[in-house]
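I am opening this notebook to keep track of what I look up, entry by entry. Each entry takes one topic and stays with it.

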Amino acid sequence: MRVSAELALAQEDLEETLNKGVVRALYDALNRRDAEAIHKILAADLEWWFHGPPSHQFLMRLLTGEQESTFRFVPHSISAFGPTVLAEGFDQSRSIAWVHAWTVADGIITQVREYFNTSLTVTRFGKTDQSDCSSSIAAPLHCPSVWESSLPGRVGKSVPGLVLAI
């Protein structure tokens, strides 16, 4: 029984490492402006969700070719939780912080949730280990966070906070 649990954890670690590699490859292709590589990494029917000012939709403009963008996405951290990969970065000169929550399936990115100048807390639901997440009829569901964004001091004074459940 212990061996199968260890194998399952090793498989999960491998999946997360591969998924982070896919996301790193995407950022490399974006910064090289390599459209062919980008199209191989992103699903044709990519699901996109954006939270932030419309003027900050740099990724959409870059991917659609709507407008030449000088914005560079350089992640300061990349973390994975199964198929979800979180990348966080900052542009100090523009006082911008961003978080991308990518969903990777079979080596292809199928979804992105993009957050600009937003504090993001990620919580995991659906774990079978009840110590991670507890609920009772009298108390609301409570799950501890598994990741929180780290905004630099220059990002702005009023930053909304959101919770992303994975």
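The entries below go from the whole chain to single residues.

**Ground rules.** I am working with a predicted model, in which local features need pLDDT of at least 70 and side-chain atom pairs count only at pLDDT 80 or more, while totals for chains, interfaces and linings use all residues. I number residues from 1 along each chain as its sequence is written, and side-chain values use heavy atoms, with hydrogens and water left out.

**The whole chain.** I looked up the secondary structure and found three helices and eight strands, where helices (H or I, at least four residues) and strands (E, at least two) are DSSP runs numbered from the N terminus. Along the sequence they follow the pattern α-α-β-α-β-β-β-β-β-β-β. Of the 166 residues in the chain, 40% are buried; for this term I note under 20% relative accessible area, with exposed meaning over 50% and partly exposed in between (1.4 Å probe, protein chains only). I then looked at contacts (heavy atoms within 4.5 Å), and among those between residues at least 6 apart in sequence, 60% join residues at least 24 apart.

**The largest pocket.** How much space lies in the largest pocket? I noted about 300 Å³, a volume being the space filled by probe spheres set on grid points that are joined across faces, edges and corners. A pocket here is an open set of points on a 1 Å grid over the protein atoms alone, where a 1.4 Å probe fits, with protein on both sides within 12 Å along at least five of seven lines, and lining residues have an atom within 4 Å of a point. The lining has 17 residues, of which Ile38, His39, Leu62, Leu63 and Gly65 are the closest to the pocket's centre. Helix H2 (35–41), strand S1 (42–51) and helix H3 (58–64) each give two or more residues to this lining, and S1 supplies the largest share, five residues.

**Aromatic pairs.** I found nine aromatic pairs in the structure; rings of Phe, Tyr and Trp (its six-membered ring) pair if their centres lie within 6.5 Å, and planes under 30 degrees apart count as stacked, over 60 as edge-to-face and the rest as tilted. The pair of Trp49 and Tyr115 is tilted, because the ring centres are 5.4 Å apart and the planes stand at 50°. Trp49 is in strand S1 and Tyr115 in strand S5 (residues 108–116), so that the pair links parts of the chain 66 residues apart. Trp49 counts as partly exposed at 40% relative accessibility, whereas Tyr115 counts as buried at 4%.

The pair of Phe73 and Trp98 is edge-to-face, because its planes are at 80°, with ring centres 5.1 Å apart. Both of these residues, Phe73 and Trp98, are buried. I also noted one aromatic cluster, which includes Phe73 and Trp98 as well as Tyr27 and Phe116.

**Two positive phi values.** Which residues other than glycine did I look up for this? Arg33 has phi near 60° and lies in the loop between helix H1 (2–32) and H2. Asn117 has a positive phi of about 50° and lies in the loop between S5 and S6. Arg33 counts as partly exposed, because its relative accessibility is 33%, while Asn117 is buried at 17%.

**Thr121.** Is Thr121 buried or exposed? I found Thr121 in strand S6 (residues 119–123), and Thr121 is buried because its relative accessible area is 19%. Thr121 and Gly161 are 40 residues apart in sequence and 7.6 Å apart in space, C-alpha to C-alpha.
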